[in-house]
Amino acid sequence: MSQDSPFSSAAPVLVPMPAERPYTYAVPPGMHVVPGSIVRVPLGPRQVAGVVWDGEAGTVDARKLRPIEQVFDCPPVSQDMRRFVDWVSQYTLSPPGMVARMLLRAPEAFDPEPWTEGIALTDQRPERLTGARERVLETAADGFAWTRSGLAHAAGVSSSVIDGLREQGVFETVMIPPRPVVPEPDTTYAAAELMADQRMAADELKAGVEDGGFRVTLLDGVTGSGKTEVYFEAVAAALEKGRQVLILLPEIALTHAFLERFQNRFGAKPAEWHSDLPPRMRERVWRQVAEGTLKVVAGARSALFLPFQDLGLIVVDEEHDPAYKQEDRVFYNARDMAVVRAHIGGFPVVLASATPSVESRVNAMQGRYGRVVLSSRFADAALPDLRTIDMRRAPPARGGFLSPLLLQRMAATLEKGEQSLLFLNRRGYAPLTLCRSCGHRFGCPVCSSWLVEHRFRGQLICHHCGHSERRPDACPECGTVDHLVACGPGVERIAEEVVSHFPEARTIVLSSDILGGVRRLRLELEAIANGDADIVIGTQLVAKGHNFPNMTLVGVVDADLGLANGDPRAAERTYQLLSQVTGRAGRTGKKSLGLLQTYQPDHPVMQAIVSGDSELFYEREIGERERTRLPPFGRLAGVIVSAPTRAEAEGHARALRLAAPESADIFVLGPAEAPLSLLNGRHRFRLLVHGERRSDIQGFVKAMLAAGPKVRGQIRVQVDIDPQSFL
């Protein structure tokens, strides 16, 4: 069935539930549906929205079919988007209905936005011209339609003045269409002043857009090199062709500063799309994207499933960021799926990062991706000097966590009126609280993790399931009072130490669990950028794309933290995170310094960072991956089995392992307890499937699941193709 061919008597409809295939529904006489039509259908006792899908309707007795109830007045989902949903489903081994669910997340948007009653000026003139009436006529002389209250407010008159003019025929009633979510961007509003290397990079990206067709370009530029301004030129080229643009960002916290930069270039902000967006705005964005009237969207990974009518460019900013991986229901990496979406649509995609993922670097080396390099900062601003502090030789004072060398530099920075940033990727006050009397440790009752103390709130919190409890005065095990001790530092504890050393300094703590949520976080970031803080203490949030003009010192409190977890990507993640956070210093040209507190100053990651030689790190890491056949030179899939009891989870996982098919190039590791073996009261075992680069991992896992025991009771099996996390 072609895209434009209507169904006559029955149609396949994909509904947003764990359905493996579309259901067949009757098409009532007189109803017109085509592949992509969004419809309302009965599903059991409920009415749900679904999408008419491709292919033939199932061979079911027409008398037994339930009819489609309604066809929404909405542009059909494009053929490219339907192909994308099918591809994501097949690649991730997720039911297509669950992928379609991400497409149908704004049900109120399926009907058109209502038009508003307004008024417009006619050729008629009033019998008597008062001062109030004259102001109204001057205000409405632009020829545009106004709402009655809007015109009255703009002219500074009461609504009765407008009513009197309308009675005399000076105004006529018109219907005003829904206003755009954001004004249309103007590509000529403020042309960027680019340096020579930036101009060459921008020209290459623009050529990819202007030539048309699918291509992937890795925009690899050091922190502060102006990558955003460069890819804005590709955005402008796509807009000039009348195409829509999607810009993916890893964190909501980045969105506000990005919107301002976009507005400075194009005279208007792009539309936003993320979980913090109010429902009504989500619906309006979804609808205007589907109609093609909204040209640019900046959003989180879920924006990839917006129903663009004419998408012509995707930009994935900070493409290395693990936040692009979704690990709930449908497990997918938005960076990789963006490349697939562009391939299906036949348009270019730009991946931008100061510390590209190893996968993207290898794809560029092997010619699958183009690569554009920006090796210097904008306006030739110097990169920070980077040094390690050997904590074995310059340890902190007893009870502290900051080396005297770092404290000395902070004092000098404060004296110059410049800002310092201390980075520690641990939220809260301390990662563990125990009793000095009996040794009792406070653990989560439903997870195999310790409770993190948040002293500012007086609570102990599990960062995996959200369980919280008040921090007691006495040990619940032995009853001893005042013997509870915090072990290890979090950002709150570092803040306490900073205040003891620099009581007069203005100190801000930044963390994802900051009270006040995203709005408060944006205000804090704005305050830092405006110079309203002297010392900033933060988690990985501070590492991502922020521009702090007066920041000249960055101190990493525990540079070894990410190297200790046995994750195959630990070295890569540590290098990326530390490079990004030290890159916050000296972005406006001031002399700057980055200090890394470490007990392993000779570790290859530390050496690569302080040398400033990124090629040294990538060469070593790529060689190690190739030797061990890890991605991108091999393939991985995780299978996580969870159940209310340990025995159920282990038993099902072992049965799956025994059901694995014989293969010469794929083997299975495990089952073993997951590092986080108990999560939300469910016991978890993990199988890891490892294959060659060309191995059919999906086919192998499907065969294993089909031959294994059926999922019964409360046992759950999750498949994670290309896992990023090994918890």
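1. Six strands make an open sheet, ordered 17-27-26-18-25-24, with parallel pairing. Strands here are DSSP runs of E, at least two residues long, and helices are runs of H or I, at least four residues long; both are numbered from the N terminus. Two strands count as paired if DSSP finds at least two bridges between them. Strand 17 (385–390) and strand 24 (507–510) are the edges; each has a single partner strand, so one side of each lacks a neighbour in the sheet. From one strand to the next, the twist averages 20°.

2. Basis. This is a predicted model: local features need pLDDT of at least 70, side-chain atom pairs count only at pLDDT 80 or more, and totals for chains, interfaces and linings use all residues. Residues are numbered from 1 along each chain as its sequence is written, and side-chain values use heavy atoms, with hydrogens and water left out.

3. Strand 24 runs parallel to strand 25 (residues 535–538), joined by four bridges. Leu510 sits opposite Gly538 of strand 25.

4. Helix on the sheet. Helix 15 (residues 570–582) packs on the sheet and touches strand 17, strand 18 (419–423), strand 26 (551–556) and strand 27 (593–598). Contact means heavy atoms within 4.5 Å. The direction of helix 15 makes about 150° with that of strand 26. Axes are lines fitted to C-alpha atoms, for helices over the stretch in contact; angles run from 0 to 180 degrees between N-to-C directions.

5. Cores. The largest nonpolar core has 59 residues, and Trp286 and Leu304 touch the most other members. Such a core is a set of buried Ala, Val, Leu, Ile, Met, Phe, Trp, Tyr and Cys residues joined through side-chain atoms within 4.5 Å. Helix 10 (residues 334–345) gives the most to this core: seven residues. Another core, of 35 residues, lies apart from it; members include Ile528 and Leu563.

6. Helix 19. In helix 19 (residues 697–707), Ile697, Gln698, Phe700, Val701 and Met704 are buried. Buried is under 20% relative accessible area, exposed over 50%, partly exposed in between (1.4 Å probe, protein chains only). Down the helix axis, the buried residues fall within an arc of 165°, so they line one face. Lys702, Ala706 and Ala707 are exposed on the other side. The buried residues pack against elements including helix 1 (79–92), helix 18 (646–659) and strand 29 (666–679).

7. Ala674. This residue lies in strand 29. Ala674 counts as buried because its relative accessibility is 4%. Its C-alpha atom is 73 Å from that of Arg166, 508 residues away along the chain.

How values were computed: Arc of directions from axis to C-beta.
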